[in-house]
Amino acid sequence: MPDVFGAPIKVGEQTVIHQHQLARRGVLQGMAAVASATLMSRVLAAESAAAAAPSRGRAIDREALVSRHRVVRHESDLELPIQVGNGRFAFGADVTGLQTFLAFNTLADWGWHEDALPPGKQISDLKGRVWDTYGRDVAYWTHDEGEPEIFNWLRENPHRANLGRIGLRMLKADGTEAVEADLTDVEQMLDPWTGLLRSRFRLEGHQVKVETACHPGQDAIGVRIDSDLVRAGRLTAFIDFPYAMTTGTQKFSAPFVGFWDRPERHTTAVTRRGRTARITHTMDDTEYQVGLDLPGGAEITRLDPALHRYQIVGRGNRLELTALFAPEVDKVPSAHDVVDASEEWWPRFWRTGGAVDLSQSTDPRWRELERRIVLSQYHLAVNDAGNDPAQESGLVNNGWYGKFHMEMYWWHAFHYGLWNRWSLLDRSTDIYERFLPHARELAVSQGFRGARWPKMTTAFGDATGRESPGTPTCLLIWQQPHPLFLAEMDYQAHPQQSTLRKWETVVRETAEFMASFANREEETGRYVIGPPIMCCNERNKPESTLNPTFELSYWKFGLRIAQQWRQRLGRARDEALDEILDNLAPLPVEDGTYVLYEGVPNMWTERNTNHPDPIAPFGMLPGDGVDLETMRATTRRVYETWPVTDLYSWDFPLLAMNAARLGDPVSAVDNLLHERLGFTDTGLPASGKSGVPSPYFPSAGGLLYSVAMMCAGWADSPEGVRGATGTPGPRGSAPGFPTDGWKVVWEDLSPAL
């Protein structure tokens, strides 16, 4: 692996990490026409590399690595499905390989529904609450201020729509419909190497085999069913359509999405030509189609004109069908084509990008950690590699009304950069360009310059980039430097003019807001952040919060990067940015430890809740403004006092990254295997938090980011780390792992910033 970061920087006797310590080469410019060309060049490069796989000189048998973590189960999980998908579209299945007994969801990037505005209301009716912001009155959408209807409508709209349910209807010999308890010899296997889901079982002695696959390039499910029950007329398939979730539903509604008892609220209509049927589903202003490929004389009929369920009857012992979901259906692939495409794409996915093999380790926990690594890659590629960032629970359910959180984009997707899967990450990086109009309007409306990125939002129609109301939602700021972090990752991986042109505008607008948000105190001359501000852990009083530790360090990092980008573009450093960087308030310290924010009361007895923000500057971030001894003391205090039951699951990868940077690889690994960082038997990440829907994909993304960092190192990690590949050397080739009990073999990973 090339040394893209240059020579390692030795801290030596210094305990302060200088703000310019990590300066690197490169330049940056706008995300427009070059984005598609850049994406295509990276896709072609990845496919070219894949064609040569298994590559010469590799130490890892990647098929063996992936295949030893096939998922096998013998009954349905009542709350979480097993999925096939392509990152933009996912289909959740029960133990039959379809949605026979459990109405799991079929969700897509483009599948949204919006209720009509409350009668007589419009968005401009919500004025928000006025907050004192650096001596100015600024209105934020933090409270309804007498407009609860429009406040709630904006929270809940738009929301994801379940695009349809596909299942089996199986009759027993007495004519009654089978339930899951009637099945015997049940075995289901998900093969992540091919993306195929194979299910088999018996009903009254009759074997049924179901193969389910998702097309990697189309939002299509291919199904092949084999059973003599098909010929006997006792096994048919169905497709059914719910009405979308509507205003008044809970933001954490899970695991099922949609109403099945409101057929009068929506319409479906079917047309057929040859072996292709098209069902058009209309819900208010939302309309899309499902194209069905029905070979072998299969027939489709509507069971009841008042309902939206259609029955598909096959001939012989096999029933094949494809369901292609799209705003408008064109040609529908066959089930055979869908399976072939899956069997081609997934091995290519696994043969490109990073890989980590822990099988030579003697620590008995190696298999579980490796399972988490492999299956997290699969589930994230299914749920979290779309054109838009995914919500925390991915394409599994409708948590947070299906909206994504821009502050969590780092945790959902940035791991793709370290795992050298930029073709997947590049699908969504233009989200900042798409959000620019709303982000600029938001900043100007509050008296700031540049672009203020929203927290909870969507990329649907007129709502693209529109902020959802709520106190944490409107006052959170740690998402602001994310595009600077991502742009820097991109440039380190692709130090070329197209990368500079891709990001120039977004980098400039982001830095402009950050600079205008830092306020100069006349009495001290220092620049401060807040109030009002909501910290990352969302447990502070925003009206009295000043200079939060994590956000201050991220501001230092972001403005430092922005200055580097100006120089890469051949421009002089911005004197105003240097003024802020030189005078930005130091990270707040009390009793020798970093604290949540400046002047926080009872830090280690009352404020040690939720995310452990004080360690984030030297874990997720490279440590701008951090004193190492103070950070060590802070980390010790976190371990001593922070209630582990109050942590989110992504906090454990955060703790692992902090431990790795502090030279404590034992704790790094322990955190990634912590019982509170739960992964189900199918590899889905649990939320680890009551009231929050599982799965919780930031923890899976955090796991992959931290593992890559623990293998490939980071900007100032031990000598000999960067450039390491294959079998680790005696020292430093996997600095985040202990040498005792762990032998880590890794390939094609990049160092963290």
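Q: At 26% relative accessibility, as which class does aspartate 748 count?
A: This is a predicted model in which local features need pLDDT of at least 70 and side-chain atom pairs count only at pLDDT 80 or more, while totals for chains, interfaces and linings use all residues. Residues are numbered from 1 along each chain as its sequence is written, and side-chain values use heavy atoms, with hydrogens and water left out. Buried means under 20% relative accessible area, exposed over 50%, and partly exposed in between (1.4 Å probe, protein chains only). At 26%, aspartate 748 is therefore partly exposed.

Q: Which residue meets arginine 62 in a salt bridge of 3.1 Å, N to O?
A: A salt bridge is a side-chain nitrogen of Lys or Arg within 4 Å of a carboxyl oxygen of Asp or Glu. Arginine 62 is buried, with a relative accessible area of 6%. Its side chain meets, at 3.1 Å from N to O, that of aspartate 748.

Q: How many residues apart are arginine 62 and aspartate 748?
A: Helices (H or I, at least four residues) and strands (E, at least two) are DSSP runs, numbered from the N terminus. Arginine 62 is in helix H2 (residues 62-67), and aspartate 748 is in the segment after strand E28 (745-747). The pair links distant parts of the chain, with a separation of 686 residues.

Q: Which residue is linked with Arg62 and Asp748 in a network of salt bridges?
A: The salt bridge of arginine 62 and aspartate 748 belongs to a network. The network links Arg62 and Asp748 with Glu747.

Q: What is the distance between the closest N and O atoms of aspartate 240 and arginine 309?
A: Aspartate 240 counts as buried, at 11% relative accessibility. The two residues form a salt bridge, with the closest N and O atoms separated by 3.2 Å.

Q: How many salt bridges does the count come to?
A: Another pair is glutamate 521 and arginine 526, which meet at 2.8 Å, N to O. Glutamate 521 is buried, at 14% relative accessibility. The count of salt bridges comes to 40.

Q: How many of the 18 residues of H6 are buried?
A: Helix H6 (residues 366-383) reaches 26 Å from its first C-alpha to its last, close to the 26 Å expected at 1.5 Å a residue. The expected span is 1.5 Å times one less than the number of residues. H6 is mostly covered, and the number of its 18 residues that are buried is 16.

Q: How are helices H17 and H19 oriented to each other?
A: Axes are lines fitted to C-alpha atoms, for helices over the stretch in contact, and angles run from 0 to 180 degrees between N-to-C directions. Angles under 35 degrees count as roughly parallel, over 145 as roughly antiparallel, 65 to 115 as roughly perpendicular and the rest as oblique. The axes of H17 (residues 651-661) and H19 (residues 697-712) come within 8 Å and cross at roughly 15°. The two helices are therefore roughly parallel.

Q: At roughly what angle do the axes of H12 and H14 cross?
A: H12 (residues 482-493) and H14 (residues 549-568) have axes that come within 9 Å. These helices are oblique to each other. Their axes cross at roughly 45°.

Q: Where is phenylalanine 414 found?
A: Phenylalanine 414 is buried, at 0% relative accessibility. Neighbours within four places aside, its contacts (heavy atoms within 4.5 Å) include His482, Phe485 and Tyr705. Phenylalanine 414 lies in the loop between helix H7 (409-413) and helix H8 (415-418).
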